[in-house]
Amino acid sequence: MISRILVQDVAIRRGERLLFQGLSFTVSAGEAVALTGRNGAGKTSLLRAVAGLLRPAAGSVAFEGGEADAPPGSHLHLLGHLDGLKGGRTAWEELRFAALWQGGTEASAREAASALELDRLLDLEVRKLSAGQRRRLALARLLAAPRAAWLLDEPLAPLDSVWRARTGELMAAHLARGGMILAAVHDPLPVPARAVEVGA
């Protein structure tokens, strides 16, 4: 398992526009880092760069520990502000597929569903779920196939106060196991986090 993410002197462009440059920070095992900044500052683009889905205009992203040279997808989960769920599938089909595709099992998918209290919703089509239920289903994918790093884009946005607190418990447990969280936020995370401002 990786033990550190290193972002070194990174610059991100969107088309011809420079969003930010010269950004450096680390995320270590057991640590949460909250990316702050105005809308359009480049927080989501930075998450995509860390995930290996976007090439920085300058600088680098690297991993330390474990099989650090393996593809980023083997180290991390990326949960975007859109859940990436297919409306025509059942909740179980979505969760089972994600678990098996990422190296988990049907048993781990069932455990993740229980942790997010989705058991009674698994036979429903995703399109019939509320926004909060969809977010809980997306969060369940983080548990169904564990990864060291969680990259989260506004993870709490559609959740009510009860599930914001419960998500905080899941985050705290992940950090206690030596995991890492890098999250783009407007609202504070429900766990202690070091703030890194993007586009300052």
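1. **Ground rules.** Because the model is predicted, local features need pLDDT of at least 70 and side-chain atom pairs count only at pLDDT 80 or more, while totals for chains, interfaces and linings use all residues. Residues are numbered from 1 along each chain as its sequence is written, and side-chain values use heavy atoms, with hydrogens and water left out.

2. **Two domains.** The chain is divided into domain 1 (1-75 + 147-199) and domain 2 (88-145), with bounds from an automatic or database domain assignment. Taken over C-alpha atoms, their centres are 23 Å apart. Contact here means heavy atoms within 4.5 Å.

3. **The interface.** About 1100 Å² is buried between domain 1 and domain 2, and carbon and sulfur atoms give 64% of this area. Buried area is the accessible area (1.4 Å probe) that two parts lose on being put together, summed over both. The count between the domains is 1 salt bridge, that is, a side-chain nitrogen of Lys or Arg within 4 Å of a carboxyl oxygen of Asp or Glu.

4. **Polar pairs and elements.** Across this interface there are 3 residue pairs in polar contact, both residues at pLDDT 80 or more. Helices (H or I, at least four residues) and strands (E, at least two) are DSSP runs, numbered from the N terminus.

5. **Asp153.** You will find Asp153 in strand 6 (residues 149-153). Asp153 is buried yet has no salt bridge, and the nearest side chain of opposite charge, Lys43, is 7.0 Å away. (Lys and Arg count as positive, Asp and Glu as negative; His and the chain ends are not counted.) Its side chain does make polar contacts with the side chains of Thr44, at 2.6 Å, and His81, at 3.4 Å. A polar contact is a pair of N or O atoms within 3.5 Å; within protein, one must be able to donate a hydrogen and the other to accept it, and residues adjacent in sequence count only if both atoms are side-chain atoms.

6. **Arg135.** Arg135 lies in helix 4 (residues 131-144). Why is Arg135 called buried? Its relative accessible area is 1%, and buried means under 20%, exposed over 50%, partly exposed in between (1.4 Å probe, protein chains only). The Arg135 side chain reaches the backbone oxygen of Gly80 at 3.3 Å. Beyond four places in sequence, the contacts of Arg135 include Asp153, Glu154 and Pro155.
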